[in-house]
Amino acid sequence: MLPWLSSPHPTFPSAAAALDAPNGLLAAGGELSPLWLVEAYRQGIFPWFSDDDPILWWSPDPRMILLPEQFKQRRSLTKRLRHGGFHITLDQHFDQVIEACAAPRDEEGGTWITVEMREAYSLLHALGIAHSIEVHQHGQLVGGLYGLAMGPVFFGESMFSRAPDASKVALAHLARAMREHGGKLIDCQMHTPHLASLGAITVARGAFINYLKNWLPDKSFTSTSSPDKTPSVPPSPWLKAINAEGSVY
């Protein structure tokens, strides 16, 4: 039976207890408060559910990750980065990015980024934990991505494009900033051919969680006994490099 989480404090089962089918389903219930979300991500767990579901928590095996130094920047993308007229910003249009990512992408018109999810991540953004990378072209927002930054780890959530390769441009800037300024890992959650073509790989869930234990040790977080407070997360100095890049690549 799937565990139901109802404690006022985030207490998750071991990720190793997640189901094989559907792959990675771990628990239901709980909250989307900052305290719950921070605790989930640092344990390799994330929420994913539709409007008709309770909150569902996942930790798939294998896990898709991108090591910044393994990002594959093909010649066509390098050319687009240099001559596409893109301007990159950080955290200037978070709500617009998450709204664009939530837009339906198929004929069924569904999205997993519900209103409840958008509100939860917007609050994390206001707290300096969730971030967006925005790609502009001719004065218009044409692509971007968002996720959570904790120390040398970026937990990617979603990205979008309204111009050719715009999401790749955002990811290229993220990977370069992390590669050159101490970032270690980009969590991509689930395997997709698109991410694999950019250098992302799959690793066993246990290996992924070991990465998190090594790079996000308990001492790097400030815990709190109050369920309505947010623990502080380790800083991510590499974020400043994205903010400084602008249109230059």
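Visitor: What makes the contact between Arg80 and Asp165 a salt bridge?
Guide: This is a predicted model, and in it the side chains of Arg80 and Asp165 meet at 2.7 Å, N to O. The cut-off for a Lys or Arg nitrogen and an Asp or Glu carboxyl oxygen is within 4 Å, so the label applies.

Visitor: Which parts of the chain does that pair link?
Guide: Distant ones, 85 residues apart. Arg80 is in helix H2, residues 75–83. Asp165 is in the loop between E9 and helix H5 (166–180).

Visitor: Why is Arg80 called partly exposed?
Guide: Its relative accessibility is 32%. Buried means under 20% and exposed means over 50%, so a value in between is partly exposed.

Visitor: How many salt bridges does the structure hold?
Guide: Five. One of them joins Arg42 to Glu39, with the closest N and O atoms 3.4 Å apart. That value is within 4 Å, so the pair counts.

Visitor: How far apart are Arg42 and Glu39 along helix H1?
Guide: Three residues, so about one helical turn separates them.

Visitor: Is Arg42 buried or exposed?
Guide: Buried, with a relative accessible area of 19%. The limit is under 20%, so the label holds.

Visitor: What makes Arg42 and Asp218 a salt bridge?
Guide: The N to O value is 2.7 Å. The limit is within 4 Å, so this pair also counts.
Guide: Arg42 lies in helix H1, and Asp218 lies in the loop between helix H7 (205–215) and helix H8 (239–245). The pair therefore ties together parts that are 176 residues apart in sequence.

Visitor: Why does Asp218 count as exposed?
Guide: Its relative accessibility is 62%. Exposed means over 50%, so Asp218 qualifies.

Visitor: Which residues form a network of salt bridges?
Guide: Glu39, Arg42 and Asp218 are linked in one.

Visitor: On to the rings. How many aromatic pairs are there?
Guide: The count comes to nine. Among them is Tyr41 with Phe155, 5.4 Å centre to centre and 65° between the planes.

Visitor: Why is the pair of Tyr41 and Phe155 called edge-to-face?
Guide: The centres must lie within 6.5 Å, and 5.4 Å passes. Planes over 60 degrees apart count as edge-to-face, so 65° gives that label.
Guide: Tyr41 lies in helix H1 (residues 34–42) and Phe155 in strand E9 (residues 153–161), so the pair ties together parts 114 residues apart in sequence.

Visitor: Are Tyr41 and Phe155 buried or exposed?
Guide: Tyr41 is at 0% relative accessibility, so it counts as buried. Phe155 is at 0% too, and counts as buried.

Visitor: What makes the pair of Trp48 and Trp58 tilted?
Guide: Their ring centres are 5.2 Å apart and their planes are at 55°. Stacked needs under 30 degrees and edge-to-face needs over 60, so 55° falls to tilted.
Guide: Trp48 lies in the loop between E3 and E4, and Trp58 in strand E4, so the pair ties together parts 10 residues apart in sequence.

Visitor: How do you know whether Trp48 and Trp58 are buried or partly exposed?
Guide: Trp48 is at 33% relative accessibility, so it counts as partly exposed. Trp58 has a relative accessible area of 8%, so it is buried.

Visitor: Which residues do ring pairs link into a cluster?
Guide: Phe12, Trp36 and Trp57.

Visitor: Which residues gather in a patch of negative charge on the surface?
Guide: Asp51, Asp52, Asp53, Glu116 and Glu119.

Visitor: Why pick out the phi of Asp91?
Guide: Most residues other than glycine have a negative phi. Phi of Asp91 is near 60°, a positive value. Asp91 lies in the loop between strand E6 (86–90) and helix H3 (94–102).

Visitor: Where is Gln189, and what is its phi?
Guide: Gln189 is in strand E10, residues 185–189. Its phi is positive, about 65°. Its relative accessible area is 8%, so Gln189 is buried.

Notes: Residues numbered from 1 in each chain as written. Predicted model: local features only at pLDDT ≥ 70, side-chain atom pairs only at ≥ 80, totals over all residues. Heavy atoms only, no water. Patch = residues over 30% accessible without salt bridge, like charges linked within 9 Å, V, L, I, M, F, W, Y side chains within 5 Å. Areas by Shrake-Rupley, 256 points an atom, 1.4 Å probe, with all protein chains shown as cover. Lys, Arg positive; Asp, Glu negative; His and termini not counted. Charge placed at Lys NZ, Arg CZ, Asp CG, Glu CD. Phe/Tyr/Trp six-rings, centres within 6.5 Å; stacked < 30°, edge-to-face > 60°. Helix = DSSP H or I, 4+ residues; strand = E, 2+ residues; numbered from the N terminus. Buried < 20%, exposed > 50% of the residue type's maximum accessible area, 1.4 Å probe, protein only.
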